[in-house]
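Here's a quick tour for anyone meeting this protein for the very first time. Have a look at the structure, then read on.

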Amino acid sequence: MPARSLILASASPSRRQLLANAGLVFTIEPSGIDEDEVKRSLGSRAAPQELASTLAEMKAVKVSARHPEAMVVGADSTLACNGRMFDKPPDLAAARRQLQILRGQTHELFSSVVVARGGARLWHWSERARLTMRQLNDGFIDSYLARTGDEVLSSVGAYQLEGLGAHLFSRVDGDYFTILGLPLLPLLSFLAGHGIGLEKAA
């Protein structure tokens with residue numbers, strides 16, 4: 001029996017790279033979900049983990065409804081610090097302000113992944129990581145943003161731990177892949193059980 005096709009319902013470069021590095025064969029079809037509208041509809045009552053899980057499921061299910069035979073992966077991450085949630089910064093000025101707030105603080109990053117098939121959630125996984133940022137001065141932040149450029153705008157924390165963002169932190173507690181936006185190891189285990197991965201289906 002041939003393996004089912006795999007679709008990533010995300011335009012995230014880091015998630016795409018994680019799946020590619022793991023040797024998976026997949027296509028990309030962003031869901032088109034209006035994340036800002038979903039966040040407004042849930043309001044302040046939604047916990048960060050709940051929000052990440054909801055968005056991940058909505059992405060996967062929407063694309064899955066268009067491709068009912070495929071396994072569709074949806075994922076999302078949220079960041080919270082001292083009771084405040086943060087979104088992806090729209091520009092470098094916003095990224096600078098965000099890093100000024102996060103510096104010297106420990107924040108939590110929540111990542112959720114959902115696999116859908118036939119327009120319904122089949123499996124999900126959520127994890128949390130805690131990251132402590134160094135007490136950065138404004139000059140360091142400006143230098144960091146000048147070197148990274150707009151690529152930081154694709155991250156909810158205005159950093160990419162796999163690159164120059166590693167210089168921002170004094171301590172990281174949690175799964176590395178979760179911090180990159182996709183709890184990869186449990187996802188690979190689930191997909192392998194459905195004939196998707198490096199091993200052939202039993």
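For charges, Lys and Arg count as positive and Asp and Glu as negative, while His and the chain ends are not counted. The place of a charge is NZ of Lys, CZ of Arg, CG of Asp or CD of Glu. On that basis, the 22 positive and 21 negative charges of the protein have mean positions 1 Å apart.

A word on the source: this is a predicted model, where local features need pLDDT of at least 70, side-chain atom pairs count only at pLDDT 80 or more, and totals for chains, interfaces and linings use all residues. Residues are numbered from 1 along each chain as its sequence is written, and side-chain values use heavy atoms, with hydrogens and water left out.

Here are some whole-protein values:

| Property | Value |
|---|---|
| Box filled by the C-alpha atoms, along the principal axes | roughly 60 × 35 × 25 Å |
| Residues that count as buried (under 20% relative accessible area, 1.4 Å probe, protein chains only) | 45% of 202 |
| Contacts (heavy atoms within 4.5 Å) between residues at least 6 apart in sequence that join residues at least 24 apart | 70% |

Leu-79 sits in strand β3, which covers residues 71-81 (strands are DSSP runs of E, at least two residues, numbered from the N terminus). Is Leu-79 buried or exposed? Leu-79 is buried, because its relative accessible area is 0%. Beyond its neighbours within four places in sequence, Leu-79 is in contact with residues including Arg-84, Phe-86, His-107 and Tyr-159. Ala-129 is 50 residues from Leu-79 in sequence, yet their C-alpha atoms are 9.7 Å apart.

Note on methods: Buried < 20%, exposed > 50% of the residue type's maximum accessible area, 1.4 Å probe, protein only. Helix = DSSP H or I, 4+ residues; strand = E, 2+ residues; numbered from the N terminus.
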